[in-house]
Amino acid sequence: MIEKVPKSTQSLPHKLIDQFGRQVDYIRLSITDRCDFRCVYCMSEDMTFLSRDEVLSLEECARLVKVFVGLGVSKVRITGGEPLVRKNALWLFEEIGKLKNLNELVLTTNGSQLEKQAQDLKNAGVKRINISLDSLEATRFKTITRTGELDKVLRGIQAAKLAGFKNIKLNTVLMRGFNDDEVLPLVDFAIKQAIDISFIEEMPLGDVNHTRESTFVSNADTLKLLQSKYPLISSTETTGGPARYWRVADAKGKFNTKIGFISPHSHNFCESCNRVRITCKGELYLCLGQEDKIELMPLLRAHPNDDQPLITAILNSMAVKPKGHDFDLRRAEPSIIRFMSHTGG
Ligand code: SAM
Ligand code: SF4
C-alpha cells in the first residue's frame, strides 16, 4: 500500500548544524540490510536479516529524504546491503530524483544488478555510481564475496558506462592475503576504463571470521607502491569525508583517473564531517564509528501526516553528533558490533 507522503518541508529555514559548527548536508540511506553477496570483510556467512516490518517502507524512505532535503541536505547516497536487490527500489530513485533542492543523488552498489538497471537509474536522476570491485580474478572474487560472479559485475560496469554515467568509481577494500597484490592491476583496469578507483581501509564493523589486524593494509603503503609505478599528482578535491585524492597519468600523460584513499583510521577528516547515516530500520547514526543514534521509525509511523516531530528530532540530534570516531584495530572484539551492511557504507 502506498502511504500518502506529507507536503514538502522544503521552505523550512533550518539547517543541520551540529555542536561543533559542522553543517550536515549529506545523508547516506541504507534501504536494505540484505545482499546477494557475503563479502568476508562485511558479513558473516550465515546472516540473519531483518523482517519486512522492521525495515522502512520505500514510501517512508522517500518521506525521510524529503524531510532531510528540506533541512538543507543537498546530497543523498543510497546504499545497503545491496540497494538494487530491494524490490521496486527504482521507484524510490525516481521519487528522490524529482526533489528540486537536491544537487546529487548517488548510489553505492556491488554492481551485480547494474546490467539490468543502469539505464533506468540514469533516467531516474542518479548522478554518480560507486561500484565495489575487490578483485579482477574470478576465483578470488568468489572467495572474497563468497557468492559473487565477477563477469556479472564487469558487465554491470560496462552497462553503467553505456547508460552515460560519468565519474563511475570503483571501491576496493584491500585485505592482506586476499587481494593486496592486485593494487596495480586494479589501477590499470581503472585507467583503461577511464573510471576512478578508491582504496578503502578495512573497518572493524561487525564480527567476521578474521581479526581485522591480520588483514589490515595501510593506505599509506598502497600510495607508496602506486607512487613508485605511476606519475601521481595530489588533488585538493574533498567530499568532507575520509577520502583523499590523487590523479594518475594515463599512457598519453593525461591525469584523468582519480585515485582515492579512504582511511577511516585517520582522524583528520572528522573535523570536516558533513554527513549522517540512516539505516534501513530508520536509525539515524550521527557517526559511522560511534553508537550515538536516534530512532526515526517510531516517529514516522506515529505521525504519518505530520513531519514536525521528525523535523524536531532530526534538528535535536545535531546536539549529540560526536566529535569523531574511535576505531581501534588492536581490539580483539569489533569496535562496533553492527555490520557495515546494517549501517550502510
Ligand atoms: N553492497 C554495496 C557495495 O558493496 O558497494 C553497498 C553497501 S557496502 C556496505 C558499501 C561499501 O562498504 C562497499 O564499498 C564495501 O566494500 C564497504 N565495506 C563493507 N564492509 C566494510 C568494512 N568492514 N570495512 C571497510 N569497508 C567496508
Ligand atoms: Fe554486500 Fe556490499 Fe557488504 Fe559485499 S560489501 S556483502 S556487496 S553489502
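Ser-30 sits across from Thr-79 of strand S2 in this predicted model. The two strands here, S1 (residues 26-30) and S2, run parallel and are paired over five bridges; pairing takes at least two DSSP bridges. S2 itself covers residues 75-79, and five of its five residues are buried, meaning under 20% relative accessible area with a 1.4 Å probe, protein chains only. Lys-75, Arg-77 and Thr-79 point one way, Val-76 and Ile-78 the other.

Now hop over to Glu-201, in the loop between strand S6 (196-200) and helix H7 (212-215). Glu-201 is buried but has no salt bridge, and the nearest side chain of opposite charge, Arg-176, is 9.6 Å away. A salt bridge would need a Lys or Arg side-chain nitrogen within 4 Å of an Asp or Glu carboxyl oxygen. Leaving out residues up to four places away in sequence, Glu-201 touches several others, including Phe-216, Asn-219, Ile-262 and His-265; contact means heavy atoms within 4.5 Å.

Zooming out, the protein chain has 11 helices and 12 strands, which are DSSP runs of H or I (at least four residues) and E (at least two). Of its 345 residues, 57% are buried.

As for confidence, mean pLDDT (the predictor's score per residue, 0 to 100) is 89. Residues 1-12 stay under 50, and where pLDDT is low, the predicted coordinates should not be read in detail.

Residues are numbered from 1 along each chain as written, and chains are lettered from A and ligands numbered from 1 in written order. In this predicted model, local features need pLDDT of at least 70 and side-chain atom pairs 80 or more, while totals for chains, interfaces and linings use all residues; side-chain values use heavy atoms, without hydrogens or water.

Terms used. Buried means under 20% relative accessible area, exposed over 50%, partly exposed in between (1.4 Å probe, protein chains only). Lys and Arg count as positive and Asp and Glu as negative; His and the chain ends are not counted.
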